[in-house]
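Here is a short report on one protein chain. Keep the sequence and the structure in view as you read.

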Amino acid sequence: MSIKSDRWIRQRALQQDMITPFEAGQVKTNQHGQMISYGTSSYGYDVRCANEFRVFTNINSTIVDPKDFDEASFVSVTSDVCLIPPNSFALARTIEYFKIPRDILTICLGKSTYARCGIIVNVTPLEPEWEGHVTLEFSNTTPLPAKIYAGEGVAQMLFLGADEVCETSYKDRHGKYQGQTGVTLPKA
């Protein structure tokens, strides 16, 4: 298994719509002069966060149960900035829509800019032939409120090429998160 380069990422994104919308290089500034970068890097793709957030709340005193998830555990926020309460988390989605090739496994890692502020980004691997907007999980590990910026880089996708094509892809087994759009909550 090998990691895929910027050349490979550009080729797949442009010829096979692997990433839409796609930025062929790194975007590092906006109209205000500062931005957390996004786009193609040497061996990955830095994704952006959309302006749709679901912020965890305990105002309804529900139990967090992945088999019977109560949507009242989240408050919906549409904004260019999301404030995550101390020791809490929020869900968001990527601006980019992904179509993962059958011979690729994609791993997501948080950007160092957020990690150095105590904000952890978690995403499970994008399996072969999965497609959709990626739901991003942001954990604020600090005792202070934390900001997430929509439209800017939040995490990097790494594309790993398999030595052989899998027998059964995510699409083949009709995975429950296939084709997701928007911020997708847990499904049992």
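Asp6 counts as partly exposed, because its relative accessibility is 26%. The scale is simple: buried means under 20% relative accessible area, exposed means over 50%, and partly exposed lies in between (1.4 Å probe, protein chains only). This is a predicted model: local features need pLDDT of at least 70, side-chain atom pairs count only at pLDDT 80 or more, and totals for chains, interfaces and linings use all residues. Residues are numbered from 1 along each chain as its sequence is written, and side-chain values use heavy atoms, with hydrogens and water left out.

Asp6 sits in helix 1. Helices (H or I, at least four residues) and strands (E, at least two) are DSSP runs, numbered from the N terminus. Leaving aside residues up to four places away in sequence, Asp6 touches Thr40, Ser41 and Ser42. Here contact means heavy atoms within 4.5 Å. Tyr45 is 39 residues from Asp6 in sequence, yet their C-alpha atoms are 8.1 Å apart in space.

## Two sides of helix 1

Helix 1 covers residues 6–16, and its buried residues are Trp8, Ile9, Arg12 and Ala13. Seen down the helix axis, they fall within an arc of 125 degrees, so they line one face of helix 1. That arc is taken from the directions from the helix axis to the C-beta atoms.

What do these buried residues pack against? Their partners are strand 2 (19–20), strand 4 (38–41), strand 5 (44–48), strand 10 (104–110) and strand 14 (153–161). The face turned away from the buried side carries exposed Arg7, Leu14 and Gln15. Asp17 follows helix 1, and its phi is positive, near 50 degrees.

## Salt bridges

Side chains of opposite charge can pair when their charged atoms come close. A salt bridge is a side-chain nitrogen of Lys or Arg within 4 Å of a carboxyl oxygen of Asp or Glu. The structure holds 8 of them.

One joins Lys111 and Asp46, at 2.6 Å from N to O. Lys111 lies in the loop between strand 10 and helix 2 (112–115) and Asp46 in strand 5, so the pair ties together parts 65 residues apart in sequence. Both Lys111 and Asp46 are buried.

Glu127 and Arg173 also meet in a salt bridge, at 2.5 Å from N to O. Glu127 is in the loop between strand 11 and strand 12, and Arg173 is in the segment after strand 14, 46 residues apart. Arg173 is partly exposed, at 41% relative accessible area.
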